[in-house]
Amino acid sequence: MSQTSALKSPKNLVWLRRDLRWDDHAAMAHASQLGEVFVAAFIFDREILDQLANKSDRRVEFIWEAVSALKNHLISLGGDLIIRYGNASEMIPELVSQLKVKRVICAKDYEPAALIRDQKVEQLLSSLNCQFIQVKDHVIFEGTEVLTQMSKPYSVFTPYKNAWLKKITAHDVAERSVDLQHLAKPDGKLCALPSLEAMGFTETNLKTLRIPLAQAGAQLLFEEFKERMDAYSETRNFPAVKGPSYLSVHLRFGTISIRQLVRHAHAIFNSTNSEGAGVWLSELVWRDFYFQIVANFPHSATNSFKPDYDLIAWDQDQELFSAWCEARTGFPLIDAAMIQLNTTGYMHNRLRMVVASYLTKDLGIDWRWGERYFAQTLNDYDLSANVGGWQWAASSGCDAQPYFRIFNPISQSEKFDSDGLFIKRYLPQLANLSKKDIHAPWLASPMVLSGANIKLGENYPKPVVEHDKARLKTLARYAVVKTKAKN
């Protein structure tokens, strides 16, 4: 940063939201390319934070750590980060008036609530003669950038992916380089980082989970995953194996750039035809796919993508739902997955599909109940991907599993945790069961259970439903959709 930048009044304000890094940053790159002095700001937005019932929320602490690291980095360059705590839709116009900037630049956010907020901000800034510029940063292709030959949005993944791969160019994934020579040093009074406690939150177990934090942590994870990427297609479905990249929370809050990940995966796949790189690239394309689904079909954020599926009469059984939330279903893989979620904020992707199928098709509970619970507990909660995944499991989504394909939680356990290693990690009371009996303890003989020191209904619950009976109920429940489709 030049000395003059520290002295001049800023012309532009970069509003950071879910792009909490300093490299490959679309909004800061746009600001620096204008050749004018700019400042960066982050708002701890009360319109979001006040809705969080759990005041020990790992996501808030994750954001706090990322903001702290970003602030320290900008200080090391002679600048700083403006940090405010309040309603963003009010704080940004206030900063514009105070700093007299002529542009606010930010990365687009595609969630329904964010669109409403940004429309309000844009109107307020217009009255202040300030431009509101939004740039693409969270996705490779947004909204209507990938369309069918009939100029319609895709609703099936595979043709979308094929079109996505045909469309992608080097420019789409090129690094958005940031020149910080025009970064100004704001008034220090605007830059104080509030503590979690000052915002009504408390520290969580985030640090004890040893999740690498902030931009530096994201890069560490990515470097480590590069060594495992070739094996991704073989390892990604087994929760006891180190298969995933564990980068989802970093993508969610922008402590790593989606362009960097796609750039690498695309290059490796094209140069080596690595199956692992190809499968991981597909997962990144799925992310774009779900973003464009919510953008082009906004009703799917809260209702079934296929409206006929809103005719399903779900059970309103709070007791069964609580058993699912609290890991008391009696199915070890389901309960272990829910304990992992509740204690760490993370759930393996294969298990997300299994527990979602179990809630909707074994317990007969509305997918929206599960989606809301994930929204409260997942570190990497992202509305578009979460809604897409839940509707896939409930067969109500755009590219969904057919309703008559119902995951058997026992066979899923036997297939993807055959030795019961994942189950034993989160349900140590079952550790003495053999790999044959651990997937369905209630089917073991009384002698086996006694030898393993297991008392069903006491130190481990009996199953709350029978899968085979639940399957028949589900087929009947979905028959109303099948009947309507015929008519």
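Start by showing side chains for Glu36 and Lys102: a polar contact of 3.0 Å joins them (a pair of N or O atoms within 3.5 Å; within protein, one must be able to donate a hydrogen and the other to accept it, and residues adjacent in sequence count only if both atoms are side-chain atoms). Before you move on, a note on the ground rules: this is a predicted model, where local features need pLDDT of at least 70, side-chain atom pairs count only at pLDDT 80 or more, and totals for chains, interfaces and linings use all residues. Residues are numbered from 1 along each chain as its sequence is written, and side-chain values use heavy atoms, with hydrogens and water left out.

Helices (H or I, at least four residues) and strands (E, at least two) are DSSP runs, numbered from the N terminus.

Buried or exposed, what is Glu36? Buried, at a relative accessible area of 18% (buried is under 20%, exposed over 50%, partly exposed in between, with a 1.4 Å probe and protein chains only). Now select what's around Glu36: leaving aside neighbours within four places in sequence, its contacts are Lys11, Asn12, Ala31, Lys102, Arg103 and His182 (heavy atoms within 4.5 Å).

Next, two backbone stops. Most residues other than glycine have a negative phi. Jump to Tyr246, in the loop between helix H10 (232-235) and helix H11 (248-253), where phi is positive, near 60°. Tyr246 is partly exposed, at 29% relative accessibility.

Finish at Ser395, which isn't a glycine but has a positive phi of about 65°. Look for Ser395 in the loop between helix H18 (383-394) and helix H19 (409-416); Ser395 is buried, with a relative accessible area of 1%.
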